[in-house]
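Hi,

Here is the structure I promised to send over. Have a look at it first, and then read my notes below.

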Amino acid sequence: MYYTPERSEQEICLVQKKYEPQFELKTESVFAQCNGYLGVRAAGGFPSLDGKRGMFVAGFFHRAYKEEVTELVNGPDAFGFRLKIDGEEIGPDRTDMPEYERRFNIHTGELTIKERFCLKSGSRIKVTERRFASVENPHLLVQKVKISMETGKIVKGELLSGIDAQQTNSGVSHFCKVDCRVYERRFIHVQGYLEKDALSVLAVCQSVDGQKSVPVFTLARRGILGSYQFEIEENGCWEFEKYIYVQKQSDQVPLDQQKEYLKECKSAGYESVLDKHKNVMRSRWKKAAIQIQGASLEEEAAIAFAQYHLMGMMPWNNSKSSVAAKGLTGEGYKGHVFWDTELFILPFFQYVFPEQARNLLDYRYRGLEGARAKAREYGYQGAMYPWEAASSGEEETPLYAALNIHTGKATKVWSGIKEHHVTADIVYAIWQYYSMTDDEIFMNQHGYEMIFEAAAFWVSRAVWDEDRDAWVIRDVIGPDEYTEHVDNNAYTNYMAHYCVSLAVKLTDKVEQEQPELCHRLQIGEKKKQWMQFVEKLYLPQLNQEQILPQDDTFLSKKCLPNIEKYRTSQIKQSVLKDYSRDEVVDMQVLKQADTVMLLNLFPQMFSPQTVKKNVLFYESRTIHDSSLSYCAHAQACAAIGESEIAWKFFQKCMVIDLDENPNDSEDGIHAASMGGIWTCVVFGFAGLSFADGALHLNPKLPKHWTQMDFYVRIRGRGIHIRIRAKELWLKTENAKGEPLQVQVGDQKFILKEQLHVEYAKGEEKVT
């Protein structure tokens, strides 16, 4: 782990203890402050030659030009400042700085940056910047800057702070117009306009040491700057606070109301506003926290870090947006939503905050018309969900990306055209959510329609193979994006079978309860065809070596020579610097887990021995160029009791964003791997799952973990679970409703209020 974890009472901080420009972009992502509505990269207040400022508001998408793709707009910067002392401008890249520390509190989300500067005059100062994104009011950002004299004094100090709307998405400017205003000689306001939307940033500042200097405001191009004058005696200090209100046009909070709110914050002060934020964070952590006895501080920090970002990337109060591949921490993947959300991120919310899990699925329903349009465009029926989604539900995947190393031509991105499993992944998530929540309202309003439209797509997508006497699915890309244009990808075929089987199972029920929906979707006419599809879809089978073929041709290809070179490289996708994508496609080499993902979703499909063989076989051919890969392998190994192998994968999974590779995470954290860390711990090591109306627990804790405590919510019941090597406890928060069936190993129990299960020579006994 590159960052140093430090514990303070019940809170853990990650600390960067020296100024290292090569890590600037990475740390800005990792230490970002996010509250679900917005996220701000952890760039320091001072200008930086190596950083990339960013503020991203959930759902604030725009396409700048016809040739560009829709992307999450990098909004105005309100945290940056410049400092001048007695004619000298101060900053890490221009002033002698003997000490530097950037500290991120995982449990509160507060960022603290401390810098000590030696000035040309011989004076020495300490600058401390603190800031956070409020969860008590997700529109609010708060910053505090303290300048302390250690030697000498300041006769003429000037802090320049404002709102800068010149920020771009890698050079692309999105705002077609920017208005800048000053109100009452204290509020500064910048509003950036898109063709159909706008973003407002309102700020008020104050000096908290009693100095009455009146700020001087200057209008800049696409921004406004305030000059705040101060002086400091020897051993004295000066403090500056800034309160910022951010909202999209659709939020419609009147400007006068925003002003009054900021006045209240200003009167209360930084610490008081921070306390309100902390109270809400504590209530969330009370449910989200996983406490592990025996774990190292590094392990605790990595797991808590994942949960902080999971909570920080969730749009808590609406379903108009979802969770992007980089959360709200950077420009990576244009802020688009992938299948990662349903299979890696949604489970955390499904088990801990189920109302938010429903928001993520409601977002997919909002995109149903776009999915139908995509299916029609490609000549299919039903709904074909986009590989990359933004706000409209339409396909947002760019058509071209990297260069072919031999021809120099742009390589076509086939994922948006051929990676169809996302449609089944969404259906899988819908049924997992419903099975655990009994949310019939959601199913009646949205869920059944999405399942039926997905089934219609899959049946129209398959073609008949006379030789096999079966339906087959040709020319697809599975989860492994290094294997393009293959037939009968095992993951895709099994997921399509699951999707259509589920639709068949539900038709009778929905025909009785929602005849209008069935009539509109012509379910009666499709049901027989769906049943034939389920009966005759080709499903790849184990070969003589008990290996499940990833697709029709994978096992016949040659292996990639010197694969370890690419597995250990700090540069992702370095294999494409030596081979063209076409050459990679023709080898047994995987970017990420593919068949292993299938084994995770359907853990009872094969025996533990078969799962182990397949995990080891495919892992030896996997470069792990995707952050989703290590967690998938760790979870699969943990589920079958291969704890040592699982732990090796989990160690790598935990530090995807926290390791010593400065070239990773520059454009945002790996959101899905944050969810993958949680699923490894809860699904893998705790052995938790919910199926057939029962909570299943089959713990396989790592040897050095002596106890694990965590919380889940199932069918309206909050359940606290404690696991030890030879026993476990379950205690319900509220015992209302039907008792819950619990299965531990092969034994079945009933949970009413409390349950205690002891293991004795492989047999379970209950108290």
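In the largest nonpolar core, which has 200 residues, Phe-650 and Trp-705 touch the most other members. Keep in mind that this is a predicted model. Leaving out residues up to four places away in sequence, Phe-650 touches Ile-303, Ala-634, Ile-677, Cys-680, Val-681, Phe-685 and also Trp-705. Another core of 25 residues lies apart from it, and Tyr-37, Val-40, Val-201 and Val-246 are among its members.

Ala-634, one of those partners of Phe-650, is also one of the buried residues of α18. That helix runs over residues 629-639 and is mostly covered, with 10 of its 11 residues buried. The buried set includes Tyr-630, His-633 and Gln-635, as well as Cys-631 and Cys-637. What do the buried residues of α18 pack against? They pack against α5 (340-352), α16 (595-601), α17 (608-619), α19 (643-654) and α20 (671-685). After α18 comes Gly-641, with a positive phi near 85 degrees.

Now for a helix pair. The axes of α10 (residues 440-461) and α11 (residues 490-513) come within 8 Å, crossing at roughly 130 degrees, so the two helices are oblique to each other. The crossing is left-handed. On the α10 side the contact includes Tyr-448, Ile-451, Phe-452 and Trp-458, and on the α11 side it includes Val-500, Leu-502, Leu-506 and Lys-509. Sorted by type, the residues of this contact are 14 nonpolar, three polar and three charged.

Most residues other than glycine have a negative phi. His-485, though not a glycine, has a positive phi of about 55 degrees. His-485 sits in the loop between β25 (470-472) and α11, and is partly exposed at 36% relative accessible area. Ser-665 is not a glycine either, and its phi is positive, near 70 degrees. Is Ser-665 buried or exposed? With a relative accessibility of 2%, Ser-665 counts as buried; its place is in the loop between α19 and α20.

One more loop serine: Ser-321 lies between α4 (297-313) and α5. Ser-321 is buried, with a relative accessible area of 5%. Not counting residues up to four places away in sequence, Ser-321 touches Ala-58, Gly-59, Pro-315 and Tyr-363.

Cheers

Terms used
Residues are numbered from 1 along each chain as its sequence is written. This is a predicted model: local features need pLDDT of at least 70, side-chain atom pairs count only at pLDDT 80 or more; totals for chains, interfaces and linings use all residues. Side-chain values use heavy atoms; hydrogens and water are left out. Axes are lines fitted to C-alpha atoms, for helices over the stretch in contact, and angles run from 0 to 180 degrees between N-to-C directions. Helices (H or I, at least four residues) and strands (E, at least two) are DSSP runs, numbered from the N terminus. Angles under 35 degrees count as roughly parallel, over 145 as roughly antiparallel, 65 to 115 as roughly perpendicular and the rest as oblique. A crossing is left-handed if the near helix is turned anticlockwise from the far one by less than a right angle, and right-handed if clockwise. Contact means heavy atoms within 4.5 Å. Ala, Val, Leu, Ile, Met, Phe, Trp, Tyr, Cys and Pro count as nonpolar, Asp, Glu, Lys and Arg as charged, and the others, Gly among them, as polar. Buried means under 20% relative accessible area, exposed over 50%, partly exposed in between (1.4 Å probe, protein chains only). A nonpolar core is a set of buried Ala, Val, Leu, Ile, Met, Phe, Trp, Tyr and Cys residues joined through side-chain atoms within 4.5 Å.
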